[in-house]
Each structure stands twice: as structure tokens, then as C-alpha cells.
Amino acid sequence: MNKSVIYPGSFDPVTLGHLDIIIRASKMFDHVVVAVLRNVAKDKPSFTVEERIELLREATKDLDNIEVVSFDGLLAEYAKKRNITTLVKGLRAVSDFEYEFQMALTNKMLNPDLETVFLTTSSKNMYLSSSMVKQVASLGGDISSFVPSCVLDRIVDRLSAKE
Ligand code: PNS
């Protein structure tokens, strides 16, 4: 059976933590759909959805079973539309757990066929998040060990120009 999985997120911007989950999922599943949320209600994003897709495509260009897309609305509906029954999420710490658990249960309520698989993050990425990357870069810090090297310059250019 050809098994696909969705890895959803904001990816504003992609970090080495995201890339680690994508690489590991690409070994477990035949096809990984990295799905960038379009309807972000939270803070003003630093990168447009198209830019985030471009950065993700560049960062995953050496993997042949990755598709990068955007989606609108409910993830559970998008998964149904794509006939995909598994979601993968990364879990960094206990602090992530409650929110991720709530999302997994909500998605299951909305689409009972949808299973969420959690991958524990690699220990070197425990602390890593897009918002931390943004803060460090905007204050002139070195983010080269936080984001994929092939997209480092583009991320630094954008984030260091802010604030
Ligand atoms: O990278 P993030 O911001 O933690 O990703 C969150 C995301 C995109 C996975 C989540 O917000 C999401 O699935 N949004 C789509 C809307 C939805 O389906 N909401 C109900 C389930 S929580």
C-alpha cells in the first residue's frame, strides 16, 4: 500500500527541527505532504505563504518523496480531500503536549479516520522554534545552526531587516 502522511504547520520560517521531522517521516512513509497553513490568524507572518513554500521546497530538494503545498481551513477536511489518513507532528517537550493532544483529538472528532503520529524531536532541536529563530535573527544573533544552510541567507536577509 502506498502510504502518505501530512506534516502541517506554519513554517514561518522552516527550521532544522522541521527538516528533521520531514526527513524522518520521509523514511517512514511513501509520500510526505508538507502543508503550510494559509489562514494564519495569529501574528503577522514574516514570510508570505509562497515564500514559506519556496524555502521548504529548497530545503527538501534532495528528498524525492516530499510535496510542499498550502491549505486553507480545517486540516481534517484537507486530509479527507486528499484521502490521507495520517498526520505527523513533532513533539519537543512536555509543554507541547497539551496543545498537540488537544489538536489531535479535535482532528479525530472532525475526521474519525485521521490518526496523528507524534515523532519526538531530536534532542539537539528541543529548544528550536520559528519564533525563537525570528527573535535571535532580529537581534543580530547567529541562526546558522537553527535553519537549513541552503536557505540561511534568505532567512537572515528578511529577519534582520526587521525591528
Ligand atoms: O506550526 P504550527 O503553527 O504549530 O501549526 C499549527 C497547525 C497549522 C498544525 C494548526 O493550526 C492547524 O492545523 N490549523 C488548521 C485549522 C484547523 O484544522 N483547526 C482545528 C484543529 S486544531
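Predicted model: local features only at pLDDT ≥ 70, side-chain atom pairs only at ≥ 80, totals over all residues.
Residues are numbered from 1 along each chain as its sequence is written.

**Stop 1: the largest nonpolar core**

Select Val34, Leu56, Ile143 and Ile155. Among the 30 residues of the largest nonpolar core, these four touch the most other members. Such a core is a set of buried Ala, Val, Leu, Ile, Met, Phe, Trp, Tyr and Cys residues joined through side-chain atoms within 4.5 Å; buried means under 20% relative accessible area, exposed over 50%, and partly exposed in between, with a 1.4 Å probe and protein chains only. At least two residues of this core come from each of strand 1 (4–9), helix 1 (16–28), strand 2 (31–37), helix 2, strand 3 (66–71), helix 5 and helix 6. Helices (H or I, at least four residues) and strands (E, at least two) are DSSP runs, numbered from the N terminus. Helix 2 gives the most, with four residues. Apart from this core lies another, of 12 residues, including Ile6, Val33, Tyr78 and Leu114.

Now centre on Val34. Beyond residues up to four places away in sequence, Val34 touches Tyr7, Phe11, Ile22, Leu56, Ile66, Glu67, Val68 and Val69; contact means heavy atoms within 4.5 Å.

**Stop 2: helix 6**

Select residues 152–160. Leu152, Ile155 and Leu159 are buried in this helix. Viewed down the axis of helix 6, the buried residues fall within an arc of 70°, so they line one face; the arc is that of the directions from the helix axis to the C-beta atoms. They pack against helix 2 (49–59) and helix 5 (130–138). On the other side of helix 6, Asp153 and Asp157 are exposed.

**Stop 3: Thr15**

Thr15 is in the loop between strand 1 and helix 1. Thr15 counts as buried because its relative accessibility is 2%. A polar atom of its side chain lies 3.1 Å from the backbone nitrogen of Gly17. Leaving aside neighbours within four places in sequence, the contacts of Thr15 include Leu128, Ser129 and Phe146.

**Stop 4: Arg92**

Move to the loop between strand 4 (86–91) and helix 4 (94–110), where Arg92 lies. Arg92 has 31% relative accessibility, so it counts as partly exposed. The backbone oxygen of Leu128 is 2.8 Å from a polar atom of the Arg92 side chain.

Methods: Heavy atoms only, no water. Polar contact = N/O pair within 3.5 Å; in protein donor to acceptor, adjacent residues only side chain to side chain.
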